[in-house]
Amino acid sequence: MDPRTAGPRARVRGPEHGRARGSPPRPVRNRAGLSRPAGAPRRRLTPDESPLALKRRARKINRVLAEQYPYAHAELDFRNPFELLIATVLSAQTTDVRVNQVTPVLFARYPDARSLSEAEPADIEEIIRPTGFFRAKAKSLHTLSQRIVDEFDGVVPGTLAELVTLPGVGRKTANVVLGNAFGVPGITVDTHFGRLAKRFGWTASDDPVAVERDVMELFEPRDWTMLSHRVVFHGRRVCLARRPACGACAVATLCPSFGEGETDPATARKLLRFELAPGKEALHAEMLANTDNAAAIRQRTESDAAGVNL
């Protein structure tokens, strides 16, 4: 028997094997290609919580949120990858409701990348003005449309590496488009997702790329896209930035940050928003009964509230 592979002196080939002595450890890459620098903290654990316990708790939170929001979906209205890409770029520093009020007019006039690339920037600015930062956004929309026409034959690319080369498109926007228009799993880290990931103890970082990396390690890829929707839904309705409705939270017993917000159930219920808000019981019931049409129901109620026809 070869003494190099047997007995108590057998060598163990670990992740350090092949690295020159004295050189820094190699970063570990996950399934999305995101690397963690050696020695970087993984995430904030609750007291005495092991990594396995953290993963189990995180997945239980996802199951509870799936029961709470069976109608969770992308809240930007779109019919194809191009519309979702444009809507996501427009959603920066504004609400999805505002974007959804603007995009029907924009897409009626410029239905594809070629027509938008040939538009006058001033005309784009006038349409998207209500979304804020309209000059910068109009420039991004115009140049990214030109890039799609010139480099991708007018078709929105379907890979992360290609999408992030477009002006105004980062990992968040790319993951939104990939997950919802192409069916490619991804974690979408917006302000709501990042806030809740820290409150749940899934990450210790404020950096979106680090948050994405940490959360990916807790869930299977097949869950990434819907997890993103559920967490964002919960952040917009219950786990609010300034005053979380802890007393009305479905995952309160699983959350290490319980108590940062209002814990009295009656008072907490008054803080709830959208279809969970007091007085919206009929809307909530309708969305629960028609989960496949929840986006259309939401769109109708937003249109009625805004007094516009979309």
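Within helix H6 (residues 134-152), Arg-147 and Glu-151 are 4 residues apart and therefore separated by about one helical turn. Helices here are DSSP runs of H or I with at least four residues, strands are runs of E with at least two, and both are numbered from the N terminus. The side chains of Arg-147 and Glu-151 meet in a salt bridge, with an N to O distance of 3.6 Å; the term denotes a side-chain nitrogen of Lys or Arg within 4 Å of a carboxyl oxygen of Asp or Glu. Arg-147 counts as partly exposed, because its relative accessibility is 28% (buried means under 20% relative accessible area, exposed over 50%, and partly exposed in between, with a 1.4 Å probe and protein chains only).

The structure is a predicted model, in which local features need pLDDT of at least 70 and side-chain atom pairs count only at pLDDT 80 or more, whereas totals for chains, interfaces and linings use all residues. Residues are numbered from 1 along each chain as its sequence is written, and side-chain values use heavy atoms, with hydrogens and water left out.

The protein contains 14 helices and 2 strands. Of its 310 residues, 45% count as buried. Among contacts (heavy atoms within 4.5 Å) with a separation of 6 or more, 60% are accounted for by residues 24 or more positions apart.

Side chains of opposite charge can pair when their charged atoms come close. The count of salt bridges comes to 16. One of these joins the side chains of Arg-59 and Glu-220 at 3.5 Å, N to O. This pair links distant parts of the chain, 161 residues apart: Arg-59 belongs to helix H1 (residues 51-68), and Glu-220 to the loop between helix H10 (208-216) and helix H11 (224-237). Arg-59 is partly exposed because its relative accessibility is 28%, and Glu-220 is likewise partly exposed, with a relative accessible area of 24%.

A further salt bridge is formed by Asp-77 and Arg-298, whose closest N and O atoms are 2.8 Å apart. Here too distant parts of the chain are linked, since Asp-77 lies in the loop between H1 and helix H2 (81-90) and Arg-298 in helix H14 (residues 294-306), 221 residues apart. Both Asp-77 and Arg-298 are buried, the relative accessible area of Asp-77 being 17%. When residues up to four places away in sequence are not counted, Asp-77 touches Asn-100, Arg-298 and Gln-299.

Asn-80 also lies in the loop between H1 and H2 and is partly exposed, with a relative accessible area of 26%. A polar atom of the Asn-80 side chain lies 3.2 Å from the backbone nitrogen of Phe-82, and the side chain of Asn-80 reaches the backbone nitrogen of Glu-83 at 2.9 Å. Asn-80 and Phe-182 are 102 residues apart in sequence, while their C-alpha to C-alpha distance in space is 9.3 Å.

Key: A polar contact is a pair of N or O atoms within 3.5 Å; within protein, one must be able to donate a hydrogen and the other to accept it, and residues adjacent in sequence count only if both atoms are side-chain atoms.
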